[in-house]
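Dear colleague,

Please find the structure below, handed over for your study. My findings follow it.

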There are 2 protein chains.
Amino acid sequence: MRIGELARRSGVSERSLRYYEDQGLLVSERSPGGHRNFGDWAVDRVIRIQALYAAGLNSATIGRLLPCMRDADGGPNEFATGRLVDELTAERARIDRLIADLSLSREILDETIAAASAGLSDPAPHLPAGRPPAPRA
Amino acid sequence: MRIGELARRSGVSERSLRYYEDQGLLVSERSPGGHRNFGDWAVDRVIRIQALYAAGLNSATIGRLLPCMRDADGGPNEFATGRLVDELTAERARIDRLIADLSLSREILDETIAAASAGLSDPAPHLPAGRPPAPRA
DNA sequence: CTTGAACCTGACACCGGTGTCAACTTCTAC
DNA sequence: GTAGAAGTTGACACCGGTGTCAGGTTCAAG
């Protein structure tokens, strides 16, 4: 598929996809004219890359991590070196703290939103005040 | 307490605490010489502020949110306006997506770390490879 | 009074993935 | 062949909470 479709299917902007390739996180075949061509596997990979970025990892770390992770196609891997394992372990700890912060923030938002819809005598007509169930992490 | 102690107790740098005050998120008494003095309630408040920042909210949004949230001391509140509720609802949705990304990232890290300690014939002597249980959100 | 730790204000820099625009080329459907 | 959608490279800007340094002031203990 071409970059536009990959962007649509993965939910990541074309700009970011090109950046990922620049950083060596994504590879593509090229058409004779230079247009990128991606396989289906790229969708999953992009989603993972995006998740890792969202978790606060930088390009360099993701670049070291990618060849060591079990891919969707169960492709061949390297094993993470001790140094990389240390780094990933630290990242994991940071992510755990971050998840804790996010959960606290979510609670605060929930309470505040609930208090508003309970307390306002002027119910906003656009949102039916039904809050979705807590996300299953 | 003074700013140093608050920093220690909340785990937030003095620099950030002064910035929070600048942004109107935190109030302090001042000593005759100008030194800040905080009550015990400040610790909880700072932790919440920090969590909200970590969740990606900016100063302006936090500033609007703070007076509407139920504080630790159950202090008096305003109610969030409809416009603010909309904003908070959007933020909550974003946080939910972010938590999903973080969970995926954590899984990837876990698998990669586990694969490394299982696959390496050279066990790094510093970490006993016991992975902590998944964090109870 | 003296001394050293703690605090004050103000300023500068940073980071790095992403949005956006420009100018041009390639692809595709008719 | 031709028009228009889609893709390409390159460059510029941004954001905003935080780290850090400088130079000066305050506080508390001896």
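The contact between the two chains takes 41 residues from chain A and 41 residues from chain B, two residues being in contact if their C-beta atoms, placed from the backbone, lie within 7 Å. On the side of chain B that touches chain A, the elements giving two or more residues are α3 (41–54) and α5 (82–119) of chain B. The largest share, 25 residues, comes from α5(B). By class, this side of chain B has 27 nonpolar, six polar and eight charged residues. Here Ala, Val, Leu, Ile, Met, Phe, Trp, Tyr, Cys and Pro count as nonpolar, Asp, Glu, Lys and Arg as charged, and the others, Gly among them, as polar.

Please note that this is a predicted model, in which local features need pLDDT of at least 70 and side-chain atom pairs count only at pLDDT 80 or more, while totals for chains, interfaces and linings use all residues. Residues are numbered from 1 along each chain as its sequence is written, and chains are lettered from A and ligands numbered from 1 in the order in which they are written.

Chain A has five helices and two strands, in the order α-α-β-β-α-α-α from the N terminus. Helices (H or I, at least four residues) and strands (E, at least two) are DSSP runs, numbered from the N terminus.

Around DNA strand C there are 19 residues, of which A:Ser13, A:Gly33, B:Arg2, B:Gly4 and B:Arg36 come nearest; a residue is near a strand if its C-beta atom, placed from the backbone, lies within 6 Å of it. To this surface α2(A) gives the most, with three residues.

Yours sincerely
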